[in-house]
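Thanks for coming, everyone. I have one structure to show today, and I'll keep it short. Please take a look at it first.

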Number of protein chains: 2
Amino acid sequence: MLVNGQPGQRLSALDRGLHYGDGLFETLRCEQGRVCWFERHLARLGRGCGILGIAMPDAAALRAEAESQVRGLPRAMLKIIVTRGVATARGYRPAGDEQPTRIVAAYDWPPPAGPEFRAGLSPLPITMHPLLSGLKHLNRLEQVLAQRAAAAAGLHEVLMPDAGGRVVSGSMSNLFLWQGDELLTPADGECGVAGVMRSLVLELAPRLGLRVRQTTLSAAQLASARAIIVTNVRLGAQPVHWFEGRRLEVDPRVPLLQELIDGTPS
Amino acid sequence: MLVNGQPGQRLSALDRGLHYGDGLFETLRCEQGRVCWFERHLARLGRGCGILGIAMPDAAALRAEAESQVRGLPRAMLKIIVTRGVATARGYRPAGDEQPTRIVAAYDWPPPAGPEFRAGLSPLPITMHPLLSGLKHLNRLEQVLAQRAAAAAGLHEVLMPDAGGRVVSGSMSNLFLWQGDELLTPADGECGVAGVMRSLVLELAPRLGLRVRQTTLSAAQLASARAIIVTNVRLGAQPVHWFEGRRLEVDPRVPLLQELIDGTPS
C-alpha cells in the first residue's frame with residue numbers, strides 16, 4: 001500500500017477525505033500484474049477531480065504506483081483514493097492550497113459469491129445530486145446502509161430506487177434488465193455511478209446481436225423481468241439468479257458477453 | 001489531538017471513515033476549558049451511532065478526552081469524529097467486527113466573519129435521505145460544493161433547497177426566518193442537520209415573546225424576508241445582513257436571544 005507514493009498504511013487524521021468524504025476512488029481489477037481498463041478508470045477519476053476542483057494526480061505516476069502494488073500477483077483488486085488532502089483551514093470551505101492525498105492499495109481477489117447470486121429491491125432509496133451523480137466519490141453511506149440491509153436479508157446485492165421510484169443502480173453495481181434481444185439500463189446521468197463495466201457492456205453487447213437501450217426502469221419492470229445482470233469490474237457481467245425470492249433465467253449469451261469483456265484489455 | 005485516546009495525528013488509511021464517510025462528527029464550542037452543551041451533542045451522536053449501527057463510545061471517556069484537549073483555553077472549537085473503524089473486509093458491507101475509531105481535536109476559535117454576514121441561495125440542492133437526514137455524518141461533499149460556490153460568490157453562507165425547492169438549511173447552519181413575533185424554521189426531519197444551536201433557539205425564543213413555527217420555507221419566502229438568522233454552535237444566532245444582495249433588518253431581540261444562548265450552559 002502506498003500513501004502519496006510512500007509505503008505505509010497511515011495518513012493524517014486531518015485529511016479532508018476523512019472529515020467530509022472530500023475525494024474520489026476507483027476500484028480496479030488486476031490480472032497477471034496488469035491493471036485492467038486503467039484508462040477508463042483514469043478518465044472517470046479525472047472527470048471527478050474536475051467537478052470537485054481537486055488537482056488530478058499525474059497519470060503516469062499513478063499508473064506506475066498501481067502496477068507496483070500488483071506486480072507478480074495472478075489476480076488482485078486495487079483501490080485508488082484521491083482526496084483534496086490535509087485540511088489547511090477548519091470547515092467545509094476548501095482553502096485552495098490543499099495538496100491532494102493519493103492512496104494506492106492492493107487487496108486479495110475476493111472469493112466468488114457462490115453459485116447463485118441473490119438480489120432484491122433496496123428498502124432504502126439512493127439520492128441523486130446533479131453534480132455528484134455518476135462520480136465515484138467518497139460519500140458512500142447510502143451504499144453502506146443498503147449493504148447492511150442486504151446482509152440482513154441474506155442478499156448479495158440490492159437494487160436502489162431514487163426518490164421518484166426509478167431504479168437507478170445496485171449498491172455496488174449497475175444493472176441491465178435482459179429482455180429478448182434487448183438490454184435495458186438506467187440512462188447516463190441517471191445511474192448511480194458511471195461504471196467502467198457498464199461502459200464495456202454498452203460497447204460489447206451489440207457484437208452479440210443485443211441492442212442496449214438507456215431508459216428508466218421501475219420496480220414493477222424488475223418484478224416481472226425474465227433476466228437481470230449486474231455489473232462491476234469485480235463481478236463482470238453477473239447474472240442475478242434470484243430477485244426478490246423469484247428465480248430468474250440466465251440468458252445463454254451471458255457467458256459470451258463475459259468472454260468478450262475478459263478479452264477487452266483497455 | 002487524540003486518536004483513540006492517544007496523542008497523535010495519524011490514523012489507518014484503511015479506516016471506513018475515509019473510504020465511505022462511514023461515521024459521524026460533532027463540532028463543539030468550548031469556553032474557559034468547558035465543553036458547551038456536551039450532553040446535547042452526545043445525544044445526537046448516540047442517535048447517529050444507533051442508526052448507522054456503530055458502537056457508541058463511552059460517554060464519560062469521551063467527555064474526559066474532550067475536556068483534556070481544551071483545558072486552559074479561553075475559547076476553542078472541538079471536533080469529535082467517530083467512525084465504524086478500520087475495515088476488516090473489503091467493500092461497503094460492514095463485517096460487524098470493526099472497532100470504532102474516535103478522534104478528538106481542538107481548533108483555534110476562528111476569527112469573526114466580519115461586521116456584515118452575507119448569504120445567498122445555493123445554486124446546488126441538498127439531497128434528503130430518510131435515514132441520514134438530520135445526522136451529522138461524514139458524507140459532506142454537498143456542503144463542500146456549496147461552500148465552494150459560496151466562496152466564489154463572496155458569501156459566508158448559502159441556504160440550500162431540496163429537490164422540491166423547499167429551503168432546508170444552510171451549508172453549515174440552520175435557518176430561521178424572522179417574521180414579526182414569529183420565527184419560521186424548516187421542520188424537524190426536514191432540516192439538514194438536527195442542530196444543537198437550533199434546539200437552543202427553539203427552547204429559548206419563547207422567553208422573548210417569540211413563537212417558533214416549524215414549517216416549510218420556499219425561496220420566495222426568503223426573497224421577501226425582513227430578517228433571517230442562521231445558527232450553529234460557532235456562530236450562535238447570527239443575523240444575516242445581506243441575502244442575495246438585499247439588505248435585511250436585524251431584529252433588536254437578536255442580541256437578547258444571543259445572551260440567553262450564552263447563558264445556557266447545557
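I'll go through the symmetry, the interface, the core and then some strands. One caution before that: this is a predicted model.

Symmetry first. Chain A superposes on chain B by a rotation of 180°, with 0.0 Å of shift along the axis. The RMSD is 0.0 Å. The two copies are thus related as by a two-fold rotation axis.

Now, the interface. How many residues of each chain are in contact with the other chain? It is 45 residues of chain A against 45 of chain B. Which elements of chain A supply at least two residues each? They are β3 (10-12), α1 (16-20), β7 (101-108) and α4 (141-152). Of these, α4(A) gives the most, with eight residues. By type, the side of chain A that touches chain B has 23 nonpolar, 14 polar and eight charged residues. And 100% of the interface residues of chain A are also interface residues in chain B, so the copies meet through the same surface.

β3(A) pairs with β3 (residues 10-12) of chain B. The sense is antiparallel, over three bridges. Look at A:L11: the residue opposite is B:L11, in β3(B).

On to the core. The largest nonpolar core holds 154 residues. Which of them touch the most other members? A:L78, A:I228, B:L78 and B:I228 do. Take A:L78. Leaving out residues up to four places away in sequence, A:L78 touches A:L28, A:C30, A:V35, A:A66, A:Q69, A:V70, A:V104 and A:A106.

For contrast, here is A:A64. This residue sits in helix α3 (residues 59-70) of chain A. Is A:A64 buried or exposed? Exposed, because A:A64 has 12 C-beta neighbours inside 10 Å, and the cut-off for exposed is 12 or fewer. From A:A64 to A:A76 is 12 residues in sequence, and 16 Å in space, C-alpha to C-alpha.

Next, a sheet in chain B. Six strands form an open sheet, in the order β2-β1-β7-β6-β4-β5. The pairing is antiparallel. Which strands stand at the edges? β2 (6-7) and β5 (34-35) of chain B do, each with a single partner strand, so one side of each has no neighbour in the sheet. Further in, β4 (residues 23-31) and β6 (residues 75-83) of chain B run antiparallel, joined by nine bridges. B:L28 stands opposite B:L78 in β6(B). You have met B:L78 already, among the core residues that touch the most other members.

Last stop: β12 (residues 182-186) of chain B. Four of the five residues in β12(B) are buried, and the strand is mostly covered. Start with β11 (residues 174-179) of chain B, which runs antiparallel to β12(B) over three bridges. B:L177 has B:L184 as its bridge partner in β12(B). The two strands form a hairpin, with two residues between them. In the turn, B:G180 has a positive phi of about 65°.

β12(B) also pairs with β13 (residues 211-215) of chain B. Here the sense is parallel, over five bridges. The bridge partner of B:P186 in β13(B) is B:T215.

I'm happy to go back to any part of it.

Notes:
Residues are numbered from 1 along each chain as its sequence is written. Chains are lettered from A and ligands numbered from 1 in the order in which they are written. This is a predicted model: local features need pLDDT of at least 70, side-chain atom pairs count only at pLDDT 80 or more; totals for chains, interfaces and linings use all residues. Two residues are in contact if their C-beta atoms, placed from the backbone, lie within 7 Å. Ala, Val, Leu, Ile, Met, Phe, Trp, Tyr, Cys and Pro count as nonpolar, Asp, Glu, Lys and Arg as charged, and the others, Gly among them, as polar. Two strands pair if DSSP finds at least two bridges between them. A nonpolar core is a set of buried Ala, Val, Leu, Ile, Met, Phe, Trp, Tyr and Cys residues joined through C-beta atoms within 7 Å. A residue is buried if 20 or more other C-beta atoms lie within 10 Å of its own, exposed if 12 or fewer, and partly exposed in between; C-beta atoms are placed from the backbone. Copies are superposed by least squares on the C-alpha atoms of residues with pLDDT of at least 70 in both.
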